[in-house]
Amino acid sequence: MTNPSVTINAIKSYRRIALAFSLLVLLPCVLSLINITFAQSWRIHFFPAAIFLAAITFGPVGGLAAGITGSLYSAILLGNPYLLVGNALLGLMTGVFFRKTGKIVPSVLLAFACQLPWLVVTDFYGVGLPAVFIAKLALVLFLGNLLWALLLHLAIGPVKKYLC
């Protein structure tokens, strides 16, 4: 005879595993396909939201995994493998800072400050982008990261209840 509470707990456990898998792998991949284009062809990307959510919910390793999967499509499409490392670093450091501070917005901004030197060096020396373009790119990425951090700050309570 089976214990019904054990069966219910097993089902809840599988649900959490499925949610974790989709959050860490599928959601960043899907969101990497969505962008909002505005002035002079600059884009706000949606996949950083999934990276930050994974880092906040599952810690540094979750942020790292989401950073890699979220930027895989862009790295292949643009032929820029540096995107993988940069976004993995962003997710990892967001998780590290969130564990230390428990605050979303400062964690995201500190993580971006850690990612920024990698972005500047690889885009300038590795990809050969002009410095003016990189400066504008850094500003757009900063604003996009700030936007997602603020939105996650507002929504994290209900989201975490559902996931955890």
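This is a predicted model: local features need pLDDT of at least 70, side-chain atom pairs count only at pLDDT 80 or more; totals for chains, interfaces and linings use all residues.
Q: Which residues of H4 are buried?
A: Burial is read from relative accessible area, with under 20% counting as buried. In H4 the buried residues include Ile104, Val105, Ser107, Val108, Ala111 and Phe112.

Q: Why does Thr122 count as buried?
A: The cut-off is under 20% relative accessible area. Thr122 counts as buried because its relative accessibility is 8%. Leaving aside neighbours within four places in sequence, its contacts are Tyr82 and Val127.

Q: Is Val127 buried, partly exposed or exposed, and what does Val127 touch?
A: Between the buried and exposed cut-offs, a residue is called partly exposed. Val127, also in H4, has a relative accessible area of 39%, so it is partly exposed. Not counting residues up to four places away in sequence, Val127 touches Asn80, Tyr82 and Thr122. The C-alpha atoms of Val127 and Asn80 are 7.4 Å apart, although 47 residues separate the two along the chain.

Q: How many residues does the largest nonpolar core have, and which elements give two or more residues to it?
A: A core is read as a set of buried nonpolar residues joined through their side chains. The largest one here has 23 residues, and Phe52, Ile56, Ile104 and Leu152 have the most contacts inside it. Helices H2 (47–78), H3 (82–101), H4 (104–127) and H5 (131–163) each give two or more residues, with the largest share, eight residues, coming from H2. Ile104 touches Ile56, Phe98, Ala149, Leu152, His153 and Ile156, again not counting residues up to four places away in sequence. A second, separate core has five residues, among them Trp42, Leu119, Ile134 and Leu137.

Q: What is the volume of the largest pocket, and which residues are closest to its centre?
A: The largest pocket has a volume of about 860 Å³. Of its 36 lining residues, His45, Leu78, Leu83, Leu137 and Leu141 are closest to the centre. Strand E2 (42–45), H2, H3, H4 and H5 each give two or more residues to the lining, which divides into 20 nonpolar, 14 polar and two charged residues.

Key:
Residues are numbered from 1 along each chain as its sequence is written. Side-chain values use heavy atoms; hydrogens and water are left out. A nonpolar core is a set of buried Ala, Val, Leu, Ile, Met, Phe, Trp, Tyr and Cys residues joined through side-chain atoms within 4.5 Å. Buried means under 20% relative accessible area, exposed over 50%, partly exposed in between (1.4 Å probe, protein chains only). Helices (H or I, at least four residues) and strands (E, at least two) are DSSP runs, numbered from the N terminus. Contact means heavy atoms within 4.5 Å. On a 1 Å grid over the protein atoms alone, a cavity is a set of points where a 1.4 Å probe fits but cannot get out, and a pocket is an open set with protein on both sides within 12 Å along at least five of seven lines; lining residues have an atom within 4 Å of a point. Grid points are joined across faces, edges and corners, and a volume is the space filled by probe spheres set on the points. Ala, Val, Leu, Ile, Met, Phe, Trp, Tyr, Cys and Pro count as nonpolar, Asp, Glu, Lys and Arg as charged, and the others, Gly among them, as polar.
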